[in-house]
Each structure stands twice: as structure tokens, then as C-alpha cells.
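Work through the following exercises with the sequence and the model side by side.

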Amino acid sequence: MEKSLTPETSDRLKAIQSTIDTHYTREQAAAMNPLALAYIGDGIFSDLIRKYLLGCGHQNVNVMTKTSICYVRASAQAQIVRTLLPELSETEERMVKRGRNTASQVPKNANPSDYRYATGFETLIGYLFLCGEVKRMNSLICQSIDVINQNSEI
């Protein structure tokens with residue numbers, strides 16, 4: 001049985017839902033900090049990789065976690081960007097470059113060039129997601145998975 005919400009709780013939940021449901025224009029999304037776009041892009045890409053692995057029949061969480069690293073690590077995302085770059089629109093390429101050129105702290109275990117390209121890739125995914133270009137985003141993610149599958153022993 002569902003509890004009745006107080007008017008104050010209901011208003012708070014509506015405000016939260018409204019924030020989650022915010023739609024951005026291309027211009028609004030393009031004006032955002034590239035690292036903020038990369039932040040959301042990283043989460044979206046990671047979640048879709050997990051969904052892909054589950055759909056492939058994986059059931060062991062430890063195996064899925066280790067396998068997902070093959071897709072989400074900086075070197076893999078850099079490889080994705082370098083492979084897909086010729087297929088990107090001018091706007092998409094600009095978003096990758098904005099993310100790639102943004103100053104950020106490179107982890108000690110990452111190649112700086114790969115890390116910057118990975119940030120560019122995540123920026124692009126975040127941009128496409130936020131401005132509602134989900135079909136294009138999904139297409140690029142499917143191509144990304146294929147790039148990694150073709151170039152590694154997964």
C-alpha cells in the first residue's frame with residue numbers, strides 16, 4: 001500500500017523530477033563547461049556499457065566489472081574517438097575538441113593524450129544526451145562498442 005505524501009514532500013519531489021527532466025537546446029548544452037558534459041557523458045557511457053554486457057548474457061558481476069573496463073578506460077575511449085572522428089559532424093568534432101582541450105588533472109596511470117581524447121569523447125556523449133540527440137548518441141555508442149570489440153580480445 002502506498003503512503004500518502006504530504007504537500008511539502010510532493011512539491012519537493014516535483015521539483016526534483018522537473019530538474020531531472022530539464023531539456024536543453026543545442027546552444028545551451030554547447031555553452032556548458034566541457035568537464036560538466038564529460039561528467040554526464042561518462043555516466044551515460046558506463047551505464048550503456050553495463051546494459052550491453054548484461055544483454056550479452058554476462059551474469060557474474062565481477063566479470064562484468066572487469067570487462068567493462070575494456071570499454072571505459074581512457075585508452076579505449078581515445079581509440080574510439082580516433083576511429084570515429086572522420087564520421088563526426090562539424091559540431092560533434094568541435095565538442096570533442098573542446099573536451100580534449102579543457103585543462104584537467106590527468107590520473108597518474110593514464111597516458112595524457114589518451115585521457116584528453118577520452119574526456120573529449122565523454123564531452124560529446126554528454127552533449128548529445130543533454131540536447132536530446134539520443135538516437136545519434138546511441139548510434140555512436142554502438143559504433144564505439146564495435147570499435148573496441150574489433151580491436152581487443154573481449
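A disulfide is taken here as a pair of cysteine sulfur atoms within 2.5 Å. The model is predicted, and local features need pLDDT of at least 70, side-chain atom pairs count only at pLDDT 80 or more, while totals for chains, interfaces and linings use all residues. Residues are numbered from 1 along each chain as its sequence is written, and side-chain values use heavy atoms, with hydrogens and water left out.

**Exercise 1.** Determine how many disulfides a search of the whole structure finds, and examine Cys56 and Cys70.

Solution. The search of the whole structure returns 0 disulfides. For Cys56, the nearest cysteine sulfur belongs to Cys142 and is 11 Å away. For Cys70, the closest cysteine sulfur is that of Cys56, at 13 Å, which is too far for a bond. As to accessibility (buried means under 20% relative accessible area, exposed over 50%, partly exposed in between, with a 1.4 Å probe and protein chains only), Cys56 is partly exposed at 44%, and Cys70 is partly exposed at 23%.

**Exercise 2.** Describe the largest nonpolar core and its contributors.

Solution. A nonpolar core is a set of buried Ala, Val, Leu, Ile, Met, Phe, Trp, Tyr and Cys residues joined through side-chain atoms within 4.5 Å. The largest one has 30 residues, and Ile80, Leu124 and Tyr127 have the most contacts inside it. Two or more residues are given to this core by each of α3, α4, α5, α6, α7 and α8, and α7 supplies the largest share, 7 residues.

**Exercise 3.** Find the aromatic pairs and state their geometry.

Solution. Rings of Phe, Tyr and Trp (its six-membered ring) pair if their centres lie within 6.5 Å, and planes under 30 degrees apart count as stacked, over 60 as edge-to-face and the rest as tilted. In one, the ring centres of Phe45 and Phe121 are 5.0 Å apart with planes at 85 degrees, so the pair is edge-to-face. Because Phe45 lies in helix α3 and Phe121 in helix α7, this pair ties together parts that are 76 residues apart in sequence. Phe45 is buried at 0% relative accessibility, as is Phe121 at 3%. The rings of Tyr52 and Tyr71 have centres 6.0 Å apart and planes at 75 degrees, and are therefore edge-to-face. This pair links Tyr52 in helix α3 with Tyr71 in helix α4, 19 residues apart.

**Exercise 4.** Account for the surroundings of Arg82, including its salt bridge.

Solution. A salt bridge requires a side-chain nitrogen of Lys or Arg within 4 Å of a carboxyl oxygen of Asp or Glu. Arg82 forms one with Asp114 at 3.2 Å, N to O. Since Arg82 lies in helix α5 and Asp114 in helix α7, the pair ties together parts that are 32 residues apart in sequence. Arg82 is partly exposed at 41%, whereas Asp114 is buried at 17%.

Definitions and conventions
Helices (H or I, at least four residues) and strands (E, at least two) are DSSP runs, numbered from the N terminus.
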